[in-house]
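Thanks for coming. I have one structure to show today, and I will start with a term before going to the chains.

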Amino acid sequence: MAGEPVLSLRGIRKAFPGVVAVDGVDLDLFPGEIHALVGENGAGKSTLSAIAFGELQPDEGTVSARGTVGLVHQHFELIGRLRVWQNVLLGREPHRGWRIDEVAARERVVAVAQRNGLEIDPDAFVETLPIGVQQRVELLRELDRDPAVLLLDEPTAALAPAEIESFFATIVQLAARGTAIMIVTHKLQEVTAYATRVTVMRHGKVVERTLIGETSIDAIARAMVGGELPAVARRATTQMKPGLRVRDLRAGSGATRLHDFYLDVRGGEIVGIAGVEGNGQSTLADALAGMIDYKGTIERTGTIGIIPQDRQREALVMNWSLVENTLLGRQHRKEACRGLELDRGRARTEALAIRERLDIRAASVDMPVRTLSGGNQQKLVVGRALIDRPDFVLAYNPTRGIDVGAAALVQSRIMEARNHGAAVLLISFELDEILTLADAVIVMYRGAVLGSFGREAFDRAAIGRLMAGSA
Amino acid sequence: MTRATRMIAGPLGAVVLILVLMSLAMIAAGTSPVDGFTALFVGALGGRNQIGETLVATTALLFPALGICLAFRAGLFNIGAEGQLLIGGLCAGALGAVLTVPGPIGIVLMLIAGAIGGGAWGAIAGWMKARFGANEIIATLMLNFVAAYFALELVSGPLKGPLAAGAETAWLDPKYWLPTLLPATRLSIALLLAVALALVLQWTFSRTVFGYDLRASGEAPEAARRSGINLARLTWLALTLSGAIAGVGGATIVSGELHRFNTQLSPGYGFTAIAVALVGDLQPLWICIAAFGFGILESGGLAMQASAQVPKDAIHVIEGLIIFVLAARRYVATRVEGTLP
């Protein structure tokens, strides 16, 4: 590597009660590089980046930085009711006397945006902007401080494919002008496409560090899991039986309004709903889950297991233990109670079984789920949805934001549910996931069915065109 | 945070802070804290009668605090316990004045009347929130005023006792008085009822489906809704039960202490009870201990005024500060937790 590192971590160690999160890690970031930091959930990436940013103090080791370090969080930290320029300059507004100099502030934001090739309306209210543009605001806020090092935590988790491309165009430009960039991510395609170097962490240690040209997605994935990738469970031949039947479904309002929607999912098959986010998928999921009013027919036999889209808000009580969360959504069944009391012994047994079956990394089933990593939280949600062997499974982005190992495990469990005869509806924004799992694909566009494909007729290009709305 | 640090930052920290604040208030009033605290504790615990009075105040605080605790656990800020207490007392007093059944049955009927009255008062706020999305803080707060004037109006006219000099109901027949717990004091068995209720609530929260649903709704409303809980129904039910518990408290004051109803039933127990519930960390058993602590303040405050010249109002200033401190502590605690990975 040419030149001196702008950020240098030496012998970093950080322990939390019960776990050593980072264990003797060295890391140098050089000007102009895009350095990807990858690893499974709980490998220590987030802790290491928090230490690099100065948010956490290491127990041992040193951090030395030349220049400012900026951090863009995975979850945006913006104030929706303020304008773009107000968010960008929050806390650093230029003053004239005791008043904010709005003219100078606006000019400064426009200048930073132009210098970095970002298009933005400085007067727009942040809450009215699409996710991709909101991220631009977040990025501008860091760029205004002219950072020597920019840390990006899962920057593309919420972005649509086109937004991801334009995001990386900006990042590559920034690096070309000498900023050192570190990206924490799960998306290995992005790593090999845009990064220059990659560091792989496992169990708090660095297990591999290499230039991108000298590695591959497979090699990185193997280093992350420390061996071969778990394969997704095999697709078994199943006896089809009646499952879900949807006819003339109308629900929701605005751009995500469902109209003339029809759908059949038979027991023993997985039907995938492909589509770009915001084409009515959430309305469909809510209608099927009985969370909103609808017109038309939804016929379904037997029990239902739901994997909601937003695990932290919709599926878990973050302050509760794994045991208590195991009961959520199942607490009103007759079997959940013994007399007047909830059967806590049974819930504990179930929690232990889920932990075992989904390989949840939790020292105890009594610890609050907020202490688990995102992937382990998701495994709990999936395990709970499947534990009662439901006849119908509704899975909405079941592997969003989790690492490859956890994702393969989740996909295997869904496939097994199908093999056991469940009707599975898989709504996903990852086309690859749908093509891997589904027996049939339905393309959803602006609240309606635009086309469908059987597994033998899967055509990635044709599906992609339909997702963009062109027949 | 670990359990131990949570306790220190929680109830124990609050108690230490309260003692420091009280010392400052005493110094400001020109008394040494040693004299002030001595007067306070002798006044509250220095003899049978003092202990009795302290426990009477404890009981009066405990019922509304438990009611508030139930609503808070469901994520509902019921600050209308004062009004619910008053209406509960009014219903019990009005019924007790006309009863002609045997004593124990009459007492039970009065307690039920108190629960129905307080529960109805809570239900109004619950209905407004569940049906129209009204803010329960405003609704319950405003209903306190409605309750106070409504009760005053009734006991000034239609429900006024035939021989009563002021605005109050007729005196209860002594057979409808709650039995005394500590002889030669005003302490009735209402204390035992309150503690039993705390045990039942603790069990309900930790063991039953209803308690599970209640806590889920308070902790994570969206996850609760998706788990099959009817949030509107739960809101309504929680505020009704919360009011009913406060209402029973009002009935025990009428039957165990005043032996008639008038609007001097509560010197603000329903408001102090908010602090009691929070100091007790919304855990029914801790709330019992917190209620005893506040009972000491309530009954010892008068003695402190007499012998150490610290105005009794200083106690109320301190109670106000406690709520303030607790709110700040919760904010600090979430900030601290937020920075942990």
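A helix crossing is called left-handed if the near helix is turned anticlockwise from the far one by less than a right angle, and right-handed if the turn is clockwise. Keep in mind that this is a predicted model.

With that term in hand, take chain B. H3(B) passes H11(B) in a right-handed crossing. H3(B) covers residues 48–73 and H11(B) residues 269–279; their axes come within 8 Å and cross at roughly 60 degrees. The two helices are therefore oblique to each other. On the H3(B) side, the residues that meet H11(B) include B:Ala60, B:Pro64, B:Ile68 and B:Phe72. Among their counterparts in H11(B) are B:Tyr269, B:Ala273 and B:Val276. By class, the residues of this contact are 12 nonpolar, 2 polar and no charged.

Now chain A. What is the strand order of the open sheet there? The order is S2-S1-S4, three strands with antiparallel pairing. S2(A), residues 19–29, and S4(A), residues 60–65, are at the edges with a single partner strand each, so each has one side without a neighbour in the sheet. From one strand to the next the twist averages 20 degrees. S1(A), residues 7–16, is joined to S4(A) by 5 bridges, and A:Arg10 has A:Thr62 in S4(A) as its bridge partner. Lying across S1, S2 and S4 of chain A is helix H1(A), residues 45–53, at about 125 degrees to S1(A).

Last, the interface. Here 14 residues of chain B contact 24 residues of chain A. On the chain B side, H8(B) gives the most, with 5 residues. That side divides into 6 nonpolar, 3 polar and 5 charged residues.

Methods. Residues are numbered from 1 along each chain as its sequence is written. Chains are lettered from A and ligands numbered from 1 in the order in which they are written. This is a predicted model: local features need pLDDT of at least 70, side-chain atom pairs count only at pLDDT 80 or more; totals for chains, interfaces and linings use all residues. Two residues are in contact if their C-beta atoms, placed from the backbone, lie within 7 Å. Helices (H or I, at least four residues) and strands (E, at least two) are DSSP runs, numbered from the N terminus. Ala, Val, Leu, Ile, Met, Phe, Trp, Tyr, Cys and Pro count as nonpolar, Asp, Glu, Lys and Arg as charged, and the others, Gly among them, as polar. Axes are lines fitted to C-alpha atoms, for helices over the stretch in contact, and angles run from 0 to 180 degrees between N-to-C directions. Angles under 35 degrees count as roughly parallel, over 145 as roughly antiparallel, 65 to 115 as roughly perpendicular and the rest as oblique. Two strands pair if DSSP finds at least two bridges between them.
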